[in-house]
Amino acid sequence: MAYEEVAIEAIKHALKALRKRHLVEEGAHAPALAALNRPFVLQGSEWKEKAENLEVELQQCYKAQARLSEQLVVEVAESRASKSLLQEKETLITDLQNELNQARDECSHLTELLGEKTKALELLMAEHQDLKAQLEAMTLRANNAEAENKTLVDRWMLQKMQDAERLNEVDGVVRQSEDGAEFYVESSIPSTCKQRIPAHDGGCASILFEYNSSKLISGGQDRAIKMWDTTSGSLTNSFYGCLGSVLDLSITHDNKFIIAASSSNNLYVWDANSGRIRHTLTGHIDKVCAVDVSKFSSRYVVSAAYDRTIKVWDLQKGYCNNTIIFHSNCNSLAFSMDALTICSGHVDGNLRLWDVQTGKLLSEVAAHSQAVTSVSLSRNGNMILTSGRDNLHNLFDIRTLEICGTFRSNANRVASNWSRSCISADDGYVTAGSVDGSVHIWSVLNGKMVSTLKEHTSSVLCCSWSGLGNPLATSDKSGTICIWS
């Protein structure tokens, strides 16, 4: 009985399991049975719709595939380009690496050369220091020798001048030059005004004596050129035709031609015998303030104007040979004895020497702290006398431009930019006028003032000493000329 019950229970349990399985399978196959139970027409429309949807999805897939293919082509091209660029970069890196290695090699080589050059430079610097020390020692010795030589030369010149003065006292008063064509007597210190001539209206800026003569030529603001007999004080000749004030005068060595520098921008050349104008030299564009004639040939004239030029003229042809242009105006000038050099004094205070032929500046020296007003040559041609607005009168050696003497006085004050001083015929005295009307005379030998002459009532503008030794002539702003003996 027990076994039967167990079997019945097992059969019941198996039946329950079969029922559950049937239910599960029936639920699983329900959609299929439902589909089989639907009509075939409805199923066909659903399949068509699904087919259309699948076709649309397929077209979209094709489009996506085309886009991806294009992107793939582009990326492949970019990849190839990048690969090519990468190869170029690798090649460039290789080249740069090679260049870097070469540069390192060159740098090493240059470093070695620099080391060698540095050693050579140090050696040269040491040699330079030794040579510099030797040069300083030699310069010191040369300066000492030059100072000693200058002292000896000064002593020798002083001794010579003393000997010359003693010879003049003993041997007489007349001496002849080398060519025998010119003579002068020993100059004596004047003390008396023997003639007082009212020569010009408005001032007399320039006077000079004829060569080897006592005749005096004067030029003034009245545009007249006059010749005077200094013995009697009488007028012997007059020269007309100048169209401006006469600022400077010169005369040829043979006394045949008189040249005047004028404020009319021209120079005028007169025949001294006939009194007629031979040339009017034009070319300056401002007032001509200085003129001189060659003492060597009487053919060439040099002039200076306030247009910052110095001109050399040919008197025979009447035209300009050469023009020198300089930044500082020239107030006064003079030819050297050989007529190869022009000595010029400028507004900037410098004395300059020029080559006549080339116009080249040969040398210059700061002669004065203010404008140079006068430049005159000594009789022997070795000395240059300059005067300046600093109220100094300096004597220079024309060969070295070294100063040989300075002449000054508290009472002597230069009157204008064209106040002319002079040296006596025997080169023994320096004469200069003053703004107070006095005339001062210094001895070249000792630099001391030996005389003060007082006769003028206005500023003295010009001094001129006769080549015969005496007399001395001076002119002033009122046009008066005084003859001193």
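User: Which residues does Ser206 touch, not counting residues up to four places away in sequence?

Analyst: This is a predicted model, in which local features need pLDDT of at least 70, side-chain atom pairs count only at pLDDT 80 or more, and totals for chains, interfaces and linings use all residues. Residues are numbered from 1 along each chain as its sequence is written, and side-chain values use heavy atoms, with hydrogens and water left out. A contact means heavy atoms within 4.5 Å. By that rule, Ser206 touches Ile217, Ser218, Gly219, Leu247, Asp248, Leu249 and Cys462.

User: Where is the confidence of the prediction lowest in the protein?

Analyst: The pLDDT is the predictor's confidence in each residue, from 0 to 100, and the protein averages 88. Strands (E, at least two residues) are DSSP runs, numbered from the N terminus. Strand S29 (residues 472–476) has the highest confidence, at 97, whereas the lowest, a mean of 40, belongs to strand S1 (residues 174–176).

User: Is Ser206 buried or exposed?

Analyst: Buried means under 20% relative accessible area, exposed over 50%, and partly exposed in between (1.4 Å probe, protein chains only). Ser206 is placed in strand S4 (residues 204–209). Its relative accessibility is 2%, so Ser206 counts as buried.

User: Which side chain is joined to that of Ser206 by a polar contact of 3.5 Å?

Analyst: A polar contact is a pair of N or O atoms within 3.5 Å; within protein, one must be able to donate a hydrogen and the other to accept it, and residues adjacent in sequence count only if both atoms are side-chain atoms. A polar atom of the Ser206 side chain lies 3.0 Å from the backbone nitrogen of Leu249. The side chain joined to that of Ser206 at 3.5 Å is that of Asp248.

User: How far apart in sequence are the parts tied together by the salt bridge of Arg420 and Asp248?

Analyst: A salt bridge is a side-chain nitrogen of Lys or Arg within 4 Å of a carboxyl oxygen of Asp or Glu. The side chains of Arg420 and Asp248 meet in one at 3.9 Å, N to O. Arg420 lies in the loop between strand S23 (403–407) and strand S24 (422–423) and Asp248 in strand S8 (residues 246–251), so the parts tied together are 172 residues apart in sequence.

User: Is Asp314 buried or exposed?

Analyst: Asp314 forms a salt bridge with Arg299, with 2.8 Å between the closest N and O atoms. Arg299 has a relative accessible area of 22%, so this residue is partly exposed. For Asp314 the area is 2%, which means that Asp314 is buried.

User: Why is the ring pair of Tyr268 and Trp270 described as it is?

Analyst: Rings of Phe, Tyr and Trp (its six-membered ring) pair if their centres lie within 6.5 Å; planes under 30 degrees apart count as stacked, over 60 as edge-to-face and the rest as tilted. The count by this rule is 6 aromatic pairs. In the pair of Tyr268 and Trp270, the centres are 6.1 Å apart and the planes are at 35 degrees, so the pair is tilted.

User: Which residue lies over the face of Tyr306?

Analyst: A charge sits over a ring if NZ of Lys or CZ of Arg is within 6 Å of the ring centre and within 35 degrees of the ring normal. Tyr306 has a relative accessible area of 17%, so Tyr306 is buried. Over its face, at 5.1 Å from the ring centre, lies Lys287.

Terms used
Helix = DSSP H or I, 4+ residues; strand = E, 2+ residues; numbered from the N terminus.
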